[in-house]
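Take a look at the model below.

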Amino acid sequence: MKQYLKLVNFEFNRFFKLYLVLIGITILTQIIGVITTARMHVNRTNEWINEEHMTKGDIQLAPISFYDFSQSAWFMGPIALGAATLLIYVFFIWYRDWLGKNTFSYRLFMLPIARIQVYLAKAATILLYVLGLIALQLLLMPVENKILKWIVPSEFRTDLSINEITRIPNVALLIPNTLGEFVLYYAAGVGVVSIVFTAILFERSYRVKGIMYGILFCAASQLVLFAPLLVNTFVLKNYFYPTELFFMELTTGLVVAACSIWTANFLIKIK
């Protein structure tokens, strides 16, 4: 276990500087964004008061809330950037080990540990990065909500609690409202990452043929992963309860992840 944790730490530190840049962009963009969004609303309100000679009580401008900010590019842009960066890194975390004259992957696989630990360490690194960005967003939202309240007068805004903010559709996709949804969403994410990792190992093991093997493996895995939802929707016409679907999806996800890890272990050891 100690050697595995050292390997996770090694993989984590290899991307950490760029990860800090990503965190900095997220914080800076969203803080500037909430200030800009709030100031624009206040300025628009003041224009109505000055140009139309209205009182605050006469203005019919819709009150602003955190919902308006959450729909803007200021909020969603950094999240999309983080998701895209980590998606690219899912591939880069493997392929960089084969880049250059002195192929680092050979030395990595010659370490005195089970080779599957290399695979698991890379998967754990991706998961830690994802959870780190989610934790950052959970810390930022109360701050941004407070900034919105500081800038916009109470009569021109609608206050939302953090619980209400997490129920906004695009926010709920990032931060599910229940533990069950959280487990399902991110277990599915781990399953998808394991599938992609194994597809990459197919390509590395068999080269041109491996690309086709990897594509077929991804297609078969996705079919198994979403089989309960597809059968329930198109064959049984929503026969199962949501709780039953949850456990079926969780089971298929574990099966797919286990098959991916077993296949990856075979490829790493043999090929």
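Glu 11 has a relative accessibility of 0%, so this residue counts as buried. The model is a predicted one. Where does Glu 11 lie? Its place is helix α1, which spans residues 2–52.

Which partners does Glu 11 have? One is Arg 96, in a salt bridge whose closest N and O atoms are 3.1 Å apart. Arg 96 sits in the loop between α3 and α4 (104–109), so the pair ties together parts that are 85 residues apart in sequence. Arg 96 has a relative accessible area of 12%. The cut-off for buried is under 20%, so Arg 96 is buried.

Lys 122 is another partner. Its salt bridge with Glu 11 brings the closest N and O atoms to 2.9 Å. This pair also links distant parts of the chain: Glu 11 is in helix α1 and Lys 122 in helix α5, 111 residues apart. Both Glu 11 and Lys 122 are buried. The network of salt bridges links Glu 11, Arg 14, Arg 96 and Lys 122.

How many salt bridges does a search of the whole structure find? The count is five. Among them is the bridge between Asp 159 and Arg 157, at 2.6 Å from N to O. Is Arg 157 buried or exposed? Its relative accessibility is 16%, so Arg 157 counts as buried. Asp 159, at 41%, counts as partly exposed.

Now step back to the domains. Domain 1 covers 1–175 and domain 2 covers 177–270. Their C-alpha centres lie 26 Å apart. In the contact between them, 24 residues of domain 1 meet 20 residues of domain 2. About 1,900 Å² is buried between the two domains, and carbon and sulfur atoms give 73% of that area.

What does the rule find across this interface? It finds zero salt bridges. It does find six residue pairs in polar contact. On the side of domain 1 that touches domain 2, α3 (73–95), α5 (116–151) and α7 (169–174) each supply at least two residues. Helix α5 gives the most, with 10 residues. The residues of this side divide into 20 nonpolar, one polar and three charged.

One last stop is Thr 251. This residue is found in helix α11, residues 242–270. Its relative accessible area is 46%, so Thr 251 is partly exposed. Pro 228 is 23 residues away from Thr 251 in sequence, and their C-alpha atoms are 9.9 Å apart in space.

Methods:
Residues are numbered from 1 along each chain as its sequence is written. This is a predicted model: local features need pLDDT of at least 70, side-chain atom pairs count only at pLDDT 80 or more; totals for chains, interfaces and linings use all residues. Side-chain values use heavy atoms; hydrogens and water are left out. Domain bounds come from an automatic or database domain assignment. Contact means heavy atoms within 4.5 Å. Buried area is the accessible area (1.4 Å probe) that two parts lose on being put together, summed over both. A salt bridge is a side-chain nitrogen of Lys or Arg within 4 Å of a carboxyl oxygen of Asp or Glu. A polar contact is a pair of N or O atoms within 3.5 Å; within protein, one must be able to donate a hydrogen and the other to accept it, and residues adjacent in sequence count only if both atoms are side-chain atoms. Helices (H or I, at least four residues) and strands (E, at least two) are DSSP runs, numbered from the N terminus. Ala, Val, Leu, Ile, Met, Phe, Trp, Tyr, Cys and Pro count as nonpolar, Asp, Glu, Lys and Arg as charged, and the others, Gly among them, as polar. Buried means under 20% relative accessible area, exposed over 50%, partly exposed in between (1.4 Å probe, protein chains only).
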